[in-house]
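Hi,

Here is the structure I promised to pass on.

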Amino acid sequence: MDMDGSKRIFQRLGPHSQGGDNNSNKQQKVCFHWRAGRCNRFPCPFLHRELPAPPHQQQQQLHNGMPSSSSKRPHAFSSDYDNRGSAGGGGMRRNPNFNNTWGRTAAGGGAVVRKMEKVCNYWVKGNCTYGNTCRFLHSWTTGDCFTLLTQLEGHQKVVTGIALPSGSDKLYSGSTDKTVRVWDCQSGQCAGVVNFDGEVGCMLSEGPWIFVGLTNVVKAWNTQTGTDLSLDGPVGQVYALVVGNDMLLAGTEDGILAWKYNGSTNCFEPAAQLKEHTHHVVSLVVGANRLYSGSMDNSIRVWNLETMQCLQILTGHTSVVMSVLCWDQFLLSCSLDQTIKVWAANESGNLEVTYTHQEEKGVLALCGMHDSEAKPVLLCSCNDKMIRVYDLPSFSERGKIFSKEVVRRIEIGPGGLFFTGDESGQLRVWKWLTESSSTA
């Protein structure tokens with residue numbers, strides 16, 4: 001191929017041709033990365049074999065009882081050397097004592113490929129010509145414990161909220177494209193679009209109510225009665241919503257706001273305002289009559305929901321606390337510092353870190369649920385466009401989910417369903433497989 005107009009032509013060279021001219025022979029080069037045992041190009045433009053020694057050296061080698069082809073690799077790795085050529089590698093010798101070659105093993109007359117943990121871009125576009133021999137994944141998942149039911153297309157920007165009201169046959173999703181889309185759960189079709197003046201920062205469903213966090217306001221509507229309310233008070237974007245102690249709580253750019261619902265007046269009345277965080281509050285969770293808030297100030301604050309007083313400040317993270325989750329007697333938190341931390345109460349009742357799980361990239365979202373056998377699992381979305389699924393409490397990996405872009409929201413549904421929304425605007429519906437179906 002022509003590289004940036006330099007007229008350098010790279011050719012995949014085959015075995016030495018007796019009839020070839022001397023100039024073409026001089027272009028034959030052995031792949032440097034192949035010699036080091038780490039070439040991952042397929043096809044590789046360079047040779048995956050050593051060049052023959054000059055005639056006078058071959059005669060000397062034969063006289064000494066050595067093989068005629070020279071190799072810079074130690075003799076102890078000769079079997080490995082015979083095995084590392086890519087498919088069709090020019091003149092690569094096969095060792096008859098080994099069945100595999102560079103991540104491939106012969107099986108059933110074909111080749112079983114050791115897949116790289118990356119989805120094939122050509123497969124996504126529907127035009128991969130390698131089929132089962134492709135080194136990249138032709139699937140959005142690994143692990144065989146869940147399956148993709150459908151993809152819901154329509155949002156143009158980041159999916160920031162997913163809500164499924166109880167007793168409703170509609171799924172709601174919000175996005176920074178300033179819309180909330182309503183999806184019919186039976187057909188998977190978009191049943192309506194609600195437009196707003198600002199970006200949707202988060203969503204929450206509680207009973208028949210749906211709450212939408214916007215800029216400077218929280219919208220609330222009742223899917224059964226059609227009641228539509230605006231909750232004023234937030235300053236800036238609303239990033240997180242949660243319900244606890246009969247209050248609606250919102251994490252905003254300016255701290256935490258709380259409202260209580262008044263049934264007689266059919267409205268939400270301001271109940272508290274908490275401004276102890278020094279930066280935006282981006283995650284909230286309620287457990288055991290406590291409110292836990294994660295912030296861009298890298299801290300987690302623990303609040304008493306009765307008195308609305310701060311009980312403790314957790315400072316174990318070194319970057320933004322993106323998500324907090326209550327599980328059993330533990331608090332789990334994740335951060336852009338590439339860690340998931342597990343907190344537990346010590347003898348004095350204060351939370352302290354009991355385990356830190358390290359990831360390779362920043363962690364954006366946590367979601368806890370149960371698999372088809374009622375075992376607790378953790379879904380963990382990272383900045384590398386993957387969701388890792390772990391068993392709890394062991395943190396042993398069950399599988400991975402791959403996305404076009406980074407997943408920002410994960411939401412649990414009924415009957416083993418869960419939903420993911422990514423930065424491209426794609427909303428996906430997943431389902432846990434039963435043991436029998438996964439075996440089948």
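Starting inside: L379, leaving aside neighbours within four places in sequence, is in contact (heavy atoms within 4.5 Å) with A365, L366, C367, M369, I387, R388, V389, I410 and F418.

A housekeeping note: this is a predicted model, with local features needing pLDDT of at least 70 and side-chain atom pairs counting only at pLDDT 80 or more, while totals for chains, interfaces and linings use all residues. Numbering runs from 1 along each chain as its sequence is written, and side-chain values use heavy atoms, without hydrogens or water.

L379 is also one of the residues with the most contacts inside the largest nonpolar core, along with F146, F418 and W432; that core has 19 residues. (A nonpolar core is a set of buried Ala, Val, Leu, Ile, Met, Phe, Trp, Tyr and Cys joined through side-chain atoms within 4.5 Å; buried is under 20% relative accessible area with a 1.4 Å probe, protein chains only.) Strands (DSSP E runs of at least two residues, numbered from the N terminus) giving two or more residues to it include β27 (363-370), β28 (376-382) and β33 (427-432), and β29 gives the largest share, three. A second, separate core has 18 residues, among them I340, L378, L392 and V406.

Cheers

Definitions and conventions. Buried means under 20% relative accessible area, exposed over 50%, partly exposed in between (1.4 Å probe, protein chains only). Helices (H or I, at least four residues) and strands (E, at least two) are DSSP runs, numbered from the N terminus.
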